[in-house]
Amino acid sequence: MLSKSNSAVTGNILVADDQVANRELLDELLTTQGFKVISAVDGNEALHQLSKVPVDLVLLDVMMPHLNGFEVCEKIKANPETYLIPVILVTSLSDKQDRIEGIRVGADDFLSRPIDRTELLARVRSLLKLKQRTDELERAEAVLFALARSIEGKDPYTGGHCERLAEYSASLGQHLGLPEDQITALRRAGVVHDIGKIAIPDAIILKPSSLTPDEWKLMREHPVIGERICAPLKSFRLVLPIIRHHHEKFDGSGYPDGLRGEATPITARVMQIVDVYDALTTIRPYKPAFSITDALQTMKQEVARGWWDPQIFDHFEQFVRSGTANFLSRGATASSS
């Protein structure tokens, strides 16, 4: 007799095995428990099915022609569209090295042949519950991203700003050799860094002239509001400091906390640099788009005033002038020479 919590777990399961008998056995064990099974005869077909239909979990035979289970798993985990799908490797191999290889390519679990029905269903249900939580998290992130883009969409002068900052900051982070989790945080923060502006009246955000002291005081609250909006998402742990501190300045004259020097997290200091660069090289109501040369010269002057981290700016300037970051010239109207 199945418990309610078990029977509530459903999903589409892709079974890839070149042996008909093995596929039929897994199909029978899973469909009788309410799961929908999609079959693939080898690794190539498994990848093809993944590109066609939504899949919640993959059961991969290790020994398959064309692409073996290790190779398919590695491709699944390397693809941003599929890397969150749990993968169970099914094998009769007992060698420790094979388990190590499975871990290396990102497998989430292992099953040994002959397959035990109770073990199979327990592992499948456990991973599907995890997938459900992951999907909920993705939906929450998608809502935040949509909200951030709706704020950007109000201003005709900032179209594409979020995507550019996500790309610029992640690229600069990679150039600086930051850890992968910080680069992911920069990519997310590029989209949501100004989400707190949802609480700021449009009349202030879109005002073409200088803000009054009261309006400026209200505008300066948006990083704290943005941090508060995103705080419930545990996956945004490294994003929150970027949201809160991307308007700090190296000399302590920024906001909201007046942090000085390296007290501002390095990810926020990276975001500051690319945010300023994008603002300078795109048209705004109060200015034309600067050329790359003029933008970098202006930023040099601001570094001399103590506004931005001089070491990060030096790396950024080298990155721009090296020719490996040609995408950074999209906003500029003139040659960088």
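Contact here means heavy atoms within 4.5 Å. Keep that in mind at each stop of the tour.

This is a predicted model, in which local features need pLDDT of at least 70 and side-chain atom pairs count only at pLDDT 80 or more, while totals for chains, interfaces and linings use all residues. Residues are numbered from 1 along each chain as its sequence is written, and side-chain values use heavy atoms, with hydrogens and water left out.

**Stop 1: K77**

Select K77. This residue lies in helix α4. Helices (H or I, at least four residues) and strands (E, at least two) are DSSP runs, numbered from the N terminus. Which residues does K77 touch, not counting those up to four places away in sequence? They are Y83, I85, P86, V87, V105, G106 and D108. The C-alpha atoms of K77 and R220 are separated by 41 Å. Along the chain, these two are 143 residues apart.

**Stop 2: the sheet**

Show the strands. Five of them form an open sheet, in the order β2-β1-β3-β4-β5, with parallel pairing. Two strands pair if DSSP finds at least two bridges between them. Look at the edges next: β2 (36-40) and β5 (109-112) stand there, each with a single partner strand, so one side of each has no neighbour in the sheet. On average, neighbouring strands are turned by 20° against each other, direction ignored.

Select residues 57-61 and residues 87-91. These are β3 and β4, paired in the parallel sense over four bridges. Pick L60 and look across to β4: L89 stands opposite.

Now select residues 43-52. This is helix α3, which lies across β1 (12-16), β2 and β3. Helix α3 runs at about 135° to β2. For such values, axes are lines fitted to C-alpha atoms, for helices over the stretch in contact, and angles run from 0 to 180 degrees between N-to-C directions.

**Stop 3: α7 and its partners**

Two packed helices are described by the angle between their axes and the distance between the axes. Select residues 161-175 for α7 and residues 266-280 for α13. Their axes are 9 Å apart, and the helices pack at an angle of about 135°. That makes α7 oblique to α13. The scale is this: under 35 degrees is roughly parallel, over 145 roughly antiparallel, 65 to 115 roughly perpendicular, and the rest oblique.

Show the side chains. From α7, the contact uses H161, R164, L165, Y168, S169 and L172. From α13 come V270, M271, I273, V274, D275, Y277 and D278. By class, the contact of α7 with α13 has eight nonpolar, two polar and three charged residues. Ala, Val, Leu, Ile, Met, Phe, Trp, Tyr, Cys and Pro count as nonpolar, Asp, Glu, Lys and Arg as charged, and the others, Gly among them, as polar.

At what angle do the axes of α7 and α15 cross? The crossing is at roughly 105°, and the axes come within 10 Å. That makes α7 roughly perpendicular to α15. Here S171, L172 and H175 of α7 meet I312, H315, F316 and F319 of α15. This contact has four nonpolar, three polar and no charged residues.

**Stop 4**

Select residues 117-153 for α6 and residues 180-192 for α8. They pack at about 45°, with axes 8 Å apart. That makes α6 oblique to α8. E141, L144, F145, A148 and R149 of α6 make the contact with R188, V191 and V192 of α8. Five of these residues are nonpolar, none polar and three charged.

How many aromatic pairs does a search of the whole structure find? Five. Rings of Phe, Tyr and Trp (its six-membered ring) pair if their centres lie within 6.5 Å; planes under 30 degrees apart count as stacked, over 60 as edge-to-face and the rest as tilted. Select F145 and F236. This pair is tilted, at 6.4 Å centre to centre and 35° between the planes. F145 lies in α6 and F236 in the loop between α11 (222-230) and α12 (240-245), so the pair ties together parts that are 91 residues apart in sequence.

**Stop 5: backbone details**

Most residues other than glycine have a negative phi, and most peptide bonds are trans. Select R113 and P114. A cis peptide bond joins them, with omega about 0°. P114 sits in the loop between β5 and α6. Go on to Y255 and P256. Their peptide bond is cis too, with omega near 15°. P256 is in the loop between α12 and α13.

Finish at H66, in the loop between β3 and α4 (69-78). Is the phi of H66 positive or negative? The value is positive, near 70°.
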